[in-house]
Amino acid sequence: MATAMQLADYIDYAGLPFKKEGRYLRSVEHDSLVIDKRKNYFIWNSQGCSGNLTQFIAAYFGIDSKAVHARLKAFRQGYQPKTLPEKDAVKQPLSATNLISGQLLDQAGRQYLIRQRHLKPSLVRFLADQGLVTSDEHHNIVFNWFDSHQCLVGQDVQGTVINHQRFGKRGTYKRIVAGSKPHFGFNVRFSGQFEHLYVFESPLDLLSYWQMYRGELKNTQLLSLSGASSKLKTINEYVQDQLTTNGIPPYIHLAPDNDGAGRELIQKFTQVRLGNQEQHSQSLVEWSVAKDWNEQLQGVTAKNPQLPPKYTLDLTVFMNLQLFNKIRSFDHE
């Protein structure tokens, strides 16, 4: 009798952004999408669907049965099971020495960031020199998360090979390394006072924004959630990490993707309060014209060097505009 293909193995194979919660895997991008590893079964409450691996692939990627079977065939042929049981692998501690020393950003990583993501060579070189970005043995890019004590507490992995059949619309491998601090993320800290915290959905969006609008980033720190609204606690965790040295920043800039998940993140943040009666932050929204900040950066070319517009709005003003646009759209239906 053939062994059933495991959903957890496919998540690893396809590099889908899921986080571990005991026996479960929860999607970083979709709060209500959960995989039960023990039962080898998924439930996606917001979409009203559930089932096995075949049904998961159809629902997650929105593809027909022929395309599903093609992905299953590629999975059977291409997946290499881990040599260590997962419970043993998770026990391996994160070590800045082991993960960074001798793991410099390689040529595949540099070319991907420069050619595919349009980051400047000077910025990529700086990131590599600082150990913020390295490579693993598979030529994937590793974004290293450091806390306020310069301890390595987590990592994002970004693939450099584009394969839409394996990785779907996103096209590349992507995951958070097991053992990473649950509510933290890739961050960049500039010298000076901590007055502004900018919050992004991914490291690449963070770096794209930095490159485009670096002239505005004074007394600033940049933080990636490595996901959308499901990682909202990361903001509180990051601010708490800074309290002893910097306190609470006067301004928090939410800069998610210009899509439904980004709007959901902003909506949920209206229920979050940072600080106390003596100290609190003003919440602002940074809104792009393109779908995300890297797409906005890629619109800047030698033939079109002008930066696309972006909008900085008070959180309350932004929410009122969203409500107005929703009502206007409803009236025109």
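1. Lysine 19 faces arginine 26 of β2 across the sheet, in a predicted model where local features require pLDDT of at least 70, side-chain atom pairs count only at pLDDT 80 or more, and totals for chains, interfaces and linings use all residues. Residue numbers start from 1 along each chain as its sequence is written, and side-chain values rest on heavy atoms, with hydrogens and water left out. The pairing of β1 with β2 (residues 24-27) is antiparallel and extends over four bridges, where strands count as paired if DSSP finds at least two bridges between them, and where helices (H or I, at least four residues) and strands (E, at least two) are DSSP runs numbered from the N terminus.

2. Five strands, ordered β1-β2-β3-β4-β5, make up an open sheet with antiparallel pairing. Because β1 (18-21) and β5 (49-51) each have a single partner strand, they stand at the edges and one side of each is left without a neighbour in the sheet. From one strand to the next the twist averages 20°.

3. The β3 and β4 strands run antiparallel and are joined by four bridges, with aspartate 36 opposite tyrosine 41 of β4. They form a hairpin with four residues between them, and asparagine 40 in its turn has a positive phi of about 55°.

4. Between β4 and β5, also an antiparallel pair, there are three bridges, and tryptophan 44 stands opposite cysteine 49 of β5. This hairpin has four residues between its strands, among which glycine 48 takes a positive phi near 65°.

5. Which residues of β4 lie on its covered face, and which on the uncovered one? Phe42 and Trp44 belong to the covered face, whereas Tyr41 and Ile43 belong to the uncovered one. In a regular strand, side chains alternate between the two faces of the sheet.

6. Helix α2 (residues 53-61) lies across β1, β3 (33-36), β4 (41-44) and β5, and runs at about 30° to β4; such angles, from 0 to 180 degrees, are taken between the N-to-C directions of axes fitted to C-alpha atoms, for helices over the stretch in contact, with contact meaning heavy atoms within 4.5 Å.

Technical notes: Buried < 20%, exposed > 50% of the residue type's maximum accessible area, 1.4 Å probe, protein only.
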